[in-house]
Amino acid sequence: MFCKFGARSRWILPPRLPFRHCRDGFHPCQQLPSRQHSSRFTGLPPERRHAVKLGLPLAVTLLTLGGTGYVAYEQYQPFRHSLLAIVRCSRVAVAAVLGTLDYKITFARSYTSGAERAQGYSRCHTRSAKRVLKALLANGGVFIKLGQHMASLIVLPKEWRDTMRPLQDKCDPTSYEDVEALFLSDIGKPIDELFEDFDPTPIGVASLAQVHTGKHRESGKKVAVKLQHPNLAEFCEIDMEMVSVTLSWIKRWFPEFEFTWLSEEMRENLPKEMDFVNEAQNARRAAANFANVSTSLYIPEVISATKRVLIMEYIQGARVDDLAFLKQEGIDKNKVALELARIFGRMVFVDGWFHADPHPGNLLIRRAAKDSRSPYNFEIVLLDHGLYFDMDDQLRINYSKWWLSLIARTSPKTLEDRRKYAELVGNITPDLYPVFEAAITGRVALEGAWQDESYSGGYDRASSIIDVPPFSEAEGQAIRNAVSNEGILLSVLDVLRRIPRRVVMVLKLNDLTRSLDHALATTHSSARIFLITAKYCVAAVWQDDYRRIQHGLRLYGWLGSLRCFASCWWKYVKGYTTLTIMETVMDMRATLTRLVPMRYACKLTKKLR
């Protein structure tokens, strides 16, 4: 509507009226603000209005970039991976660099006494390990697995191993909705179609997978269902590359702190552990290797396997170091410790193909059934067959001969053999030999190992591994003094860099058998399990000698081969018989320790000696 107030007036909009027109007439309405007050910027100082004009485009730009980034993060995988890689890599890099600088400063500091130096180094170990632990927990996934591996390396300082040990329990489960989606994508069937009953709550959660229980429709058996975390594969490759780059930077900046072997190990092992078809094949092969052996080992039957879903026989049992369960079932804990040593000894020295991820959580024990082939009243159940390593014949025989040189008493020839085979097995030079020997045996190095006896700390060393006494405070102090020496720590890192990955895994096996022997509170000598290892070494060397004699028949002739055969056979019989007699004596001592009071047992064992 327009109004005209005069002949010369222009048509203009009428003033706003305080009412509105409807079909039933005019109604009053709220007075609207006039146009001259409609702008919210009116009345602001000029400089404020200028700032508002400049800030508005900036805010729009930021909102646009933020929205674009969010959409790219959700919809474009390469962008998401790049962004996460920067964040995750920065966490590890910061922890690693700060830890390395901390070590540099700690080593350069002056100390008034050896005790003060040991305390300072221990605190530095703890600080650095906690930084790395925080980064690993924040990143999760593959990094949890890395920390678990570090916790099991006996050659690392105790502070590092103790700090990383909680990672065994720091794994978040995958939601049930993602589990259902995993079955549909990998098997093509829903859970209800595969199982009569399926427990949605996992009975165990690890860094790579989790385990559920259910009743399998096709077989009618109660089964354990191992499921890989669905989001693991998405970041696995980028995480491995990230660890590799970070450790390469550390090596470039601080050459003496080299950890690149960790990234190499991850890149080789993780793809194997993430393939459950490979795990099923390993389990079947391990079962076949022990099929004709009198053993308490039991390996669960595999029912079916895809790359990320493994269905196997469910086993009800207790942890192998559960002393209350062993007592309740009447199981001899000494025999359990010895059977564990026999199982892993056969894998390493006879088969040359062994389980490479051993820890107490992968070992169950149960009472043997009537139809069991176990020679004892128990069965040891071995789980998690994702990672196995093989040892070529040359490495296996050299490693056996090195162990036999540890069994022999110290002499110039023995010391020469120990260093010779250590170099063949682990590329260990004479200056690094004592660290390597201590890592393998879990004790201070034997007599004659150190060329510089200033590291001995006044501790009397045994002549052979059989003569090693029970662990004492004096030995513990000698170890602490050695670890507090900067040169020893760098030697440990050098040993880890040099030795083959397979030998590193054998270190874990050795540490497992020793730690379980201690956890089971056995009454036999701490050297008892070493005798079992030595017997398998003698057998391995004899088998190798026999093969060489067969192959050299044409070269040496019948007479020469027969002479060589007799010499090797007698050496085998003599060594095996000697070890058997020593086993019998140690078992008698262990029995006396259990049957009679300790003070009388000590007197009797002295007489037996």
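**Close-up views: salt bridges, strand pairs and a nonpolar patch**

The structure holds 23 salt bridges (side-chain nitrogen of Lys or Arg within 4 Å of a carboxyl oxygen of Asp or Glu). This is a predicted model, where local features need pLDDT of at least 70, side-chain atom pairs count only at pLDDT 80 or more, and totals for chains, interfaces and linings use all residues. Residues are numbered from 1 along each chain as its sequence is written, and side-chain values use heavy atoms, with hydrogens and water left out.

**View A. Arg528 and Glu583 form a salt bridge between two helices.** The N to O distance is 2.9 Å. Arg528 belongs to helix H19 (residues 528-551) and Glu583 to helix H20 (residues 553-595), so the pair ties together parts 55 residues apart in sequence. Helices (H or I, at least four residues) and strands (E, at least two) are DSSP runs, numbered from the N terminus. Arg528 is buried, at 1% relative accessibility. Glu583 is also buried, at 8%. Buried means under 20% relative accessible area, exposed over 50%, and partly exposed in between (1.4 Å probe, protein chains only). A network of salt bridges links Arg528, Lys535, Glu583 and Asp587.

View B. Asp393 is partly exposed, at 43% relative accessibility. Arg396 is buried, at 5%.

**View C. Arg319 has a salt-bridge partner and a strand neighbour.** Its side chain meets that of Asp321 in a salt bridge (3.1 Å, N to O). Arg319 is partly exposed, with a relative accessible area of 41%. Across the strands, Arg319 stands opposite Leu364 in E12.

**View D. Strand E12 pairs with E10 and with E13.** Two strands pair if DSSP finds at least two bridges between them. E10 (residues 318-319) and E12 (residues 363-367) run antiparallel, joined by two bridges. E12 and E13 (residues 378-382) are also antiparallel, over five bridges. Here Arg367 stands opposite Phe378 in E13.

**View E. Val94, Leu98 and Leu101 make a nonpolar surface patch.** The patch covers about 240 Å². Patches are made of residues with over 30% relative accessible area and no salt bridge; like charges are joined within 9 Å, nonpolar side chains (Val, Leu, Ile, Met, Phe, Trp, Tyr) within 5 Å. Accessible areas come from the Shrake-Rupley method with a 1.4 Å probe; for residues, only the protein chains shown count as cover. Leu98 sits in helix H2 (residues 77-108). Leu98 is partly exposed, at 41% relative accessible area.
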